[in-house]
Amino acid sequence: MDEKTDKDNVYPAGLPAIAIRDVVMFPHMALPLSVDRPKSVAAIEAALAAGKHLLAVAQRKPADNDPAAGDLYEYGVVSTVSQSLKMPDGTMRVFLEGRRRARITRISVDKGGAYLYAEVDYPSEPVEKTPEVIALMRHAVEIFEAYVKLSTRITLDSTSFLQQMEDPAKLADTIAAHAMFGLPEKQDVLETESPRERLEKLVKFLAKEVEILDIEQKIHTRVKTQIEKSQKEYYLNEQMKAIQKELHQKDDFSKEIDELKKRLKAAKLPKEAEAAAEKELARLSKMMPFSPETTVSRTYLDWLVSLPWSVETKDQIDLAAAKKILDEDHFGLKKPKERVLEYLAVCKLTEKLKGPILCFVGPPGVGKTSIARSIARSMGRTFVRMSLGGVRDESEIRGHRRTYVASMPGRIIQSMKKAKSRNPVFLMDEIDKMGSDWRGDPAAALLEVLDPEQNSEFNDHFLDVPFDISKVMFIATANTLWGIPVSLRDRMEIIDFSGYTHDEKIEIAKKFLIPRQLRDHGIKPGSLKLDDTGIDAAIRGYTREAGVRNLNRELASMCRRAARRIVEEKVQTVKVTPENIGDFLGIPKFLHEKVSYNAVGIATGLAWTENGGEVLSVEAVAVPGKGALTLTGKLGEVMKESAQAAFSYIRSKELAPDAYVNSHNFHVHIPEGAIPKDGPSAGVTLATALASLFSGRPVKQNLSMTGELTLTGRVLAIGGLKEKVIASFRDDIKTVLFPKANLKELEEIPEEIRNAMTLRPVERMDEVLALALEPAARGKARGKKAASRK
């Protein structure tokens, strides 16, 4: 057998090898082993017979019971078997002492196949006592001392012996042997031949471990402090309970439990809710008073006992009284009032409230919310309002599950608690302004709420027990139906609120708005003299709306100016007339004139918006070009398509020669370009303006129109006829052309407006052109102009 020597020792070039699990052997390291694998026992016996030298090498996979040559690392440590003991069962107990690292050049099985035999090479380890190495040695000792202090798994009594070591290789191996690194990291250190590089790797691994151990200690200290605090509180609470028991007293928490029991009994909960409450109360009584779970449980029980499970107001359904209250609170609104009275009459006959949900749809300021309050007052019920504008989370309706401290019921249950009865009039305002996102669709959650067949067992996620809301009278409000999903709209009965007429606004101002503003501003009745002409001037010059909100603001401004005059000038009365109204309200915001003046290429149309009806003009001009159509005025896609259809229809009628059409571009503009416009009802107006431009015949004065146009010239029905006619009447345009399919809606228009206007139903565009354009004799035909140019 070949041998290799160093200064003091002789080591064989080939020797038995033993695979060890979960441990990396280092030089100068003592390792006790329990050996039970036959190959390992045979290797130890061979080593004992041949000089006690043995190669200890770590295996890559600790779970492998019979590792082959490829399953072992390439570096190991030549060790001496200093002690051995053969056990009766064939296993051995040995004590190994590491001598020198060795690199395996070849490993095989001995001739008998009993154990592994390794041929090794011994890398040189030069002593590098440079200042850098000395600094590394000191730093390694320091960081290892910090590591030992923080680690609870190292049983090293003292690290002072490390400071006495002068050999950097021995220092690095000793530290690595005692450190609790992972197997790959330790093997990496063993395979590093340079002592300087070995120390650098050790410092890196130790710094990382010290940082992790420091964080572990902080976590442990924090948890220990919390546990000690909880144990201390528990101990003191138990002592207090024992003392109070001896003194026949109760602590605050026990008093709270008893109070909850009394409230629970008085609430008269249904069986299912009562069972859930009793179970939660039993859990609460066993909890510590200041734990987070106690807060959640206490909040839950407080909500359960605060809801009106069995409390309801007695309905006072008197149709005469209800009609009187509705007339006292609102002027006009004949159809909504009639529908509400019919609803109350059915409730009186059936003695129960179960039917469609009412949905008031109309522009702002027409009395949708206030009439709901009047309904509650006429029935003797409590009134509660919930605004749905901007709600995007389903949990706002159904509530949050009790998974965290801040969880709470949805807004339906919250409003029921505020109402303090289970049969209030419940107003859901702005139902068309809800949104939806990844947190859910609140409109879908409302399907259960607004379904009379399902809402007797409404399940809020927070309560997790059914709550009966079938006796609630739900009323929803919306400005338009577009924002309400079809499935939700199907559960409601729609009642349209149109805009007020001019005369209705004057009456509302006299009977409701002016007395309220005088009262709010401390002005005595009679001190402000404002007759119908003054109110008319305020409406025409300072407001343009379907409702009366802006009128109310202007009247408030007028009262403030009047109050200042009364105080400063010591006058008894202040009179407001059309002549001096500018002194109170400033320069008029709207000039009382027609929005458009009909002429060649100019026609007046009618539109419907959330604020009611509006009058708009359509202007068309021709410029040199190639027959293209340009549209401006911030038009939507539907209106653009209507303009294209109108253009194609007018071209098909040959109102102008092809030479003229092909040599010009046509520009159609709708003024007020900053305001978005869309919808199909401007089709006939667009076609009329283009027909006037093509033919040279001006559009008749004092005439407006509305209707959807098809390519073949049919005029289709539109929506919002009542609001559009009122807008035309408001602007003193007394003739309106409208689709014949909308004839049935004329009854909804106030009688005084119908009598004052000329309403012409039309079925085809030919009828519109015949009624809207001046006769050819009175205008200059576009064809003659074109012919003269030729």
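Strand E4 (residues 30-35) pairs with strand E7 (residues 92-109) in the antiparallel sense, and six bridges link the two. In this predicted model, E7 also pairs in the antiparallel sense with strand E6 (residues 75-86) over 11 bridges, and six bridges join E7 to strand E8 (residues 116-121), again with the two running antiparallel.

**Strand pairing around E7**

- Phe95 in E7 is the bridge partner of Pro32, and Phe95 also stands opposite Gln83.

**Hairpin turns**

- E6 and E7 form a hairpin with five residues between them, and in this turn Gly90 has a positive phi of about 95°.
- E7 and E8 likewise form a hairpin, here with six residues between the strands, where Gly113 takes a positive phi near 70°.

**Packing of H8 and H9**

- On the H8 side the contact involves Ala276, Ala277, Glu280, Leu281 and Leu284, which meet Thr294, Ser297, Arg298, Tyr300, Leu301 and Leu304 in H9.
- The residues of this contact of H8 with H9 comprise seven nonpolar, two polar and two charged.

Note on methods:
Residues are numbered from 1 along each chain as its sequence is written. This is a predicted model: local features need pLDDT of at least 70, side-chain atom pairs count only at pLDDT 80 or more; totals for chains, interfaces and linings use all residues. Side-chain values use heavy atoms; hydrogens and water are left out. Contact means heavy atoms within 4.5 Å. Helices (H or I, at least four residues) and strands (E, at least two) are DSSP runs, numbered from the N terminus. Ala, Val, Leu, Ile, Met, Phe, Trp, Tyr, Cys and Pro count as nonpolar, Asp, Glu, Lys and Arg as charged, and the others, Gly among them, as polar. Two strands pair if DSSP finds at least two bridges between them.
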